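The points are grouped by topic.

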Amino acid sequence: MLVSDTKKSIIAFRSHALQGSISVPGDKSISHRSFMFGALASGKTHITGLLEGEDVLRTGKAMQAMGAVLSKAHDTWIVQGVGNGCLLQTDQPLDFGNAGTGARLTMGLVGTYDMETAFIGDSSLSNRPMGRVLIPLRLMGTQVTAAKGDRLPVILRGPRVAAPITYRVPMASAQVKSSVLLAGMNTPGITTVIESSITRDHTEKMLHGFGAEIDVETAASGARIIRLVGQGNLKGQIIHVPGDPSSAAFPLVAALIVPGSDIMIHNVLMNPTRTGLFLTLQEMGADITFLNKRKTSGEDVADLRVRSSALRGIHVPSERVPSMIDEYPILSIAAALAEGRTIMTGIGELRFKESDRLSSVSNGLKANNIPCTEGSDSLVIEGCPSGKGIGGGIVSTCLDHRLAMSFLILGLAVENRVTVDDGTMIRTSFPQFTTLMEGLGATFV
């Protein structure tokens, strides 16, 4: 089901202790890539634990439009792939709604095909910059037609034969890295991507698992050099998608800031490129225990026991940004209930998410009487552990699912109720959010 155009506000009220055991939806990044690599592979790919949010389903529909066959049997998605190099030209534009990851990665996927592909999205996605993935595609020979500022709608016309490139990613972005590697799959020769800061590495791991010839080297400088041999064959795989740490962050922080809480979150992805929030919260004094550590489909997984904690403000190091870029909104809520000042720096990338998350978070905090100072790439928050005098505001969510969920979590721990102006877009990444949180004891209206 797609998100409705009709807004629906949600109110969160101060909660009693949260208790219970839960599992969060499958990891969003791995879910997107499962559909894509399954579509490129020969044979069938079986996927369990897939995130069935709107964003991922948009990616699935795009793969179907280009020839892959998707079906579902019980809790397993089955993708009959077309084989690498065999995607088909579509008759209609690929509509990605609000799915930035799906749009950017699919641009890489099809950008080196000798065909024309159009991309569209909702108003939020249409305001997000696509130039960061279009620049390397142009270097590979792709002709690009785009709205002003390299925004959607975008039309890609691939070359007859794409040129392999060596591309140094100018910012810490797994989407750009992955887009170039996906473009390299249909390109002869070796495509090389260099990243100065390590970002989530699901693309590299999954390409290797599907049979691509890919090599990852760490230079003396710390830069990662990824080399992919193009036009190789991928074979269908069995994938078990672990729980999304970005989704787990919401009940986790709720348990930390609601007094007396004690919850268990099962089957959470613990990839080292995704655990920056957990480390940061522990430095703030969070009581998080990692249990039953194991491997699932090549990824580290664990169960998390989380108990309410007296948090303290810290300076979050900027080098941690790539490992927790999606978690800064909910970290800001933890900081609002911590003792003292929390300083976040190097977070300018937040301005290019579903909303300008830096300004949106700052505005939401101020609307709820939480002192904060917004810089060009920083945010400083003065915490109030008691929650007294906090809340009572209406938060403009700006079509941003993480903003909506973060401020609903705030409402569970502060004196006055918190209202988000629209919660419909939560379905893009975490359709069960309100039901799951209510099962732990939260009250939403």
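Phe-430 is buried, with a relative accessible area of 0%; buried means under 20% relative accessible area, exposed over 50%, and partly exposed in between (1.4 Å probe, protein chains only). This is a predicted model, in which local features need pLDDT of at least 70 and side-chain atom pairs count only at pLDDT 80 or more, while totals for chains, interfaces and linings use all residues. Residues are numbered from 1 along each chain as its sequence is written, and side-chain values use heavy atoms, with hydrogens and water left out.

**Aromatic contacts**

- The whole structure holds seven aromatic pairs; rings of Phe, Tyr and Trp (its six-membered ring) pair if their centres lie within 6.5 Å, with planes under 30 degrees apart counted as stacked, over 60 as edge-to-face and the rest as tilted.
- Phe-430 and Phe-433 make an edge-to-face pair, at 5.6 Å centre to centre and with 70° between the planes.
- Phe-433 is buried, with a relative accessible area of 0%.
- Phe-433 and Phe-444 form a stacked pair, with centres 5.9 Å apart and 25° between the planes.
- That pair links distant parts of the chain, eleven residues apart: Phe-433 is in helix α13 (residues 433-440) and Phe-444 in strand β24 (residues 443-444). Helices (H or I, at least four residues) and strands (E, at least two) are DSSP runs, numbered from the N terminus.
- Phe-444 counts as buried, at 10% relative accessibility.
- Phe-250, Phe-430, Phe-433 and Phe-444 are joined into a cluster by ring pairs.
- The ring of Phe-352 has the charged end of Arg-132 over it, 5.5 Å from the ring centre; a charge sits over a ring if NZ of Lys or CZ of Arg is within 6 Å of the ring centre and within 35 degrees of the ring normal.

**Largest pocket**

- The largest pocket contains about 490 Å³ of space.
- The pocket is lined by 32 residues, of which Gln-175, Arg-200, Ile-325, Asp-326 and Lys-353 are the closest to its centre.
- On a 1 Å grid over the protein atoms alone, a pocket is an open set of points where a 1.4 Å probe fits, with protein on both sides within 12 Å along at least five of seven lines; lining residues have an atom within 4 Å of a point.
- Elements giving two or more residues to the lining are α1 (28-40), α3 (100-111) and α6 (174-184), and α1 provides the largest share, four residues.
- The lining comprises seven nonpolar, ten polar and 15 charged residues; Ala, Val, Leu, Ile, Met, Phe, Trp, Tyr, Cys and Pro count as nonpolar, Asp, Glu, Lys and Arg as charged, and the others, Gly among them, as polar.

**Helix α3**

- Twelve of the twelve residues of α3 are buried, so this helix is largely enclosed by the rest of the structure.
- The buried residues of α3 include Arg-104, Leu-105 and Met-107.

**Backbone geometry**

- Most residues other than glycine have a negative phi, and most peptide bonds are trans.
- Leu-152 and Pro-153 are joined by a cis peptide bond, with omega about 0°; Pro-153 lies in strand β9 (residues 151-157).
- Cys-398, although not a glycine, has a positive phi of about 55°. Cys-398 is in the loop between β22 (394-395) and α12 (401-411) and counts as partly exposed at 36% relative accessibility.
- Leu-399, which is not a glycine, has a positive phi of about 60°. Leu-399 lies in the loop between β22 and α12 and is partly exposed, with a relative accessible area of 33%.

Key
Points joined across faces, edges and corners; volume = space filled by probe spheres on them.
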